[in-house]
Amino acid sequence: MAPSLSSGCVVAAVRSATAGMPIEESAAAPFTDGRVLLSHNGRVDRAVLPPVRDAESTVDSALLAALDVPD
């Protein structure tokens with residue numbers, strides 16, 4: 001499919017769910033913060049993350065996207 005794409009920006013993600021994470025549309029990347037999209041493939045140790053409010057989902061990637069990162 002890639003050779004037939006024409007765009008200024010393309011984001012694709014395939015999700016392999018971490019055990020115990022919800023299987024629902026809100027848990028699928030990309031996650032947004034204004035004009036920024038985040039698609040993360042991996043596992044995050046939640047013990048090292050600060051508290052996160054307003055995440056789109058409870059999955060690891062959504063928590064990363066919801067972090068307040070200074071500009």
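# Questions on a predicted model

Colleague: Why does Arg53 count as exposed?

Modeller: Arg53 counts as exposed because its relative accessibility passes the limit for that class, where buried means under 20% relative accessible area, exposed over 50% and partly exposed in between, for a 1.4 Å probe and protein chains only. In this predicted model, the relative accessibility of Arg53 is 68%.

Colleague: What pLDDT does the protein average?

Modeller: Because the model is predicted, local features need pLDDT of at least 70 and side-chain atom pairs count only at pLDDT 80 or more, whereas totals for chains, interfaces and linings use all residues. Residues are numbered from 1 along each chain as its sequence is written, and side-chain values use heavy atoms, with hydrogens and water left out. On the scale of pLDDT, the predictor's confidence in each residue from 0 to 100, 80% of the residues score at least 70. The average for the protein is 74.

Colleague: In which element is confidence highest?

Modeller: Helices (H or I, at least four residues) and strands (E, at least two) are DSSP runs numbered from the N terminus, and the protein has 1 helix and 2 strands, in the order β-β-α. Confidence is lowest in strand β1, residues 31-33, at a mean of 75. Where pLDDT is low, the predicted coordinates should not be read in detail. With a mean of 80, the element of highest confidence is α1.

Colleague: Where does Ala55 lie, and which residues beyond its sequence neighbours does Ala55 contact?

Modeller: Ala55 sits in the loop that runs between β2 (36-38) and α1 (60-66), and it counts as partly exposed because its relative accessibility is 29%. Its C-alpha atom is 8.9 Å from that of Phe31, although 24 residues separate the two in sequence. Taking contact as heavy atoms within 4.5 Å, and setting aside neighbours within four places in sequence, Ala55 is in contact with Ala62, Leu63 and Ala66.

Colleague: Is Ser57 buried or exposed?

Modeller: Ser57 also belongs to the loop between β2 and α1. Beyond four places in sequence, Ser57 contacts Pro22, Glu24, Ser26, Ala27, Phe31, Ala62 and Leu63. Because its relative accessibility is 7%, Ser57 counts as buried.

Colleague: How far apart are the C-alpha atoms of Ala65 and Leu38?

Modeller: Ala65 is part of helix α1 and, with a relative accessible area of 16%, is buried. Not counting residues up to four places away in sequence, Ala65 touches Phe31, Asp33 and Leu38. Ala65 and Leu38 are 27 residues apart along the chain, and their C-alpha atoms are separated by 6.1 Å.

Colleague: What is the C-alpha to C-alpha distance between Asp33 and Glu56?

Modeller: Asp33 lies in strand β1 and counts as partly exposed, because its relative accessibility is 49%. In sequence, Asp33 and Glu56 are 23 residues apart. In space, the C-alpha to C-alpha distance between Asp33 and Glu56 is 9.9 Å.

Colleague: What share of the accessible surface belongs to carbon and sulfur atoms?

Modeller: Of the 71 residues of the protein, 20% count as buried, and 45% of the contacts between residues at least 6 apart in sequence join residues at least 24 apart. Accessible areas come from the Shrake-Rupley method with a 1.4 Å probe, and for residues only the protein chains shown count as cover. The accessible surface comes to about 5700 Å², and the share belonging to carbon and sulfur atoms is 52%.
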